[in-house]
Amino acid sequence: MGHGGMDMPAKGAQCSMNMLFTWNTTNLCIIFPQWRVYSTISLLLSLLGVIILTAGYEFVREMSRRYEASSAEYVNSLPRKNVGEAEKKQRLLKAVLYAVQVFYSFFIMLLFMTYNGWVMLAVAVGAFVGYLAFGNSSSAKSVACH
């Protein structure tokens, strides 16, 4: 049975799909079959990538908060007759930013759902790093998926 041209490291090797917590990285695939851990170096690079991705989520959240704050100031500075159109445009952009945040948060949830301890730790480290780097405007944090 063919695998659609996918390169496999060894005959019969498949992605490991754990539904229980594990530290094992043998045949670990992270979200996509192409994002596979083959060695210690690929594991370390993958964990670094997870940290960067998770920290990036905090960047997106901070940019959304800043946009909301600046857009509120902008609307308040407009003459009353121009407020309606400006609010429509801002609402549309806020919805786009919200959709990006929701998509990003579900992507991070999928990372966590590898049930691999190393990946889970990388998600937590990324959240820590992201909060330190970008979590300036609000101390109210949510642990929800979005």
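Reply: The side chains of arginine 65 and glutamate 62 meet in a salt bridge, at 3.1 Å from N to O, where a salt bridge is a side-chain nitrogen of Lys or Arg within 4 Å of a carboxyl oxygen of Asp or Glu. This is a predicted model, in which local features need pLDDT of at least 70 and side-chain atom pairs count only at pLDDT 80 or more, while totals for chains, interfaces and linings use all residues. Residues are numbered from 1 along each chain as its sequence is written, and side-chain values use heavy atoms, with hydrogens and water left out.

Arginine 65 and glutamate 62 both lie in helix α1, three residues apart, which is about one turn of the helix; helices (H or I, at least four residues) and strands (E, at least two) are DSSP runs, numbered from the N terminus. Both arginine 65 and glutamate 62 are buried, a term that stands for under 20% relative accessible area, with exposed meaning over 50% and partly exposed the range in between (1.4 Å probe, protein chains only). Glutamate 62 counts as buried because its relative accessible area is 2%.

Glutamate 62 also forms a salt bridge with the side chain of arginine 66, again given as 3.1 Å from N to O. Glutamate 62 and arginine 66 are four residues apart in helix α1, so about one helical turn separates them. Arginine 66, at 44% relative accessibility, is partly exposed.

Arginine 61 is counted as buried because its relative accessibility is 10%, and glutamate 58 is buried with a relative accessible area of 8%.

Helix α1 spans residues 40–77 and also holds isoleucine 52, which is exposed because its relative accessible area is 54%. Together with Ile41, Leu44, Leu45 and Leu48, Ile52 makes a nonpolar surface patch of about 520 Å². Such patches are made of residues with over 30% relative accessible area and no salt bridge, like charges being joined within 9 Å and nonpolar side chains (Val, Leu, Ile, Met, Phe, Trp, Tyr) within 5 Å; the accessible areas come from the Shrake-Rupley method with a 1.4 Å probe, and for residues only the protein chains shown count as cover.

Of the 146 residues in the protein, 31% are buried. Asparagine 18 has its place in the segment before α1 and is partly exposed, with a relative accessible area of 25%. Asparagine 18 and threonine 114 are 96 residues apart in sequence, yet 6.7 Å apart in space from C-alpha to C-alpha.
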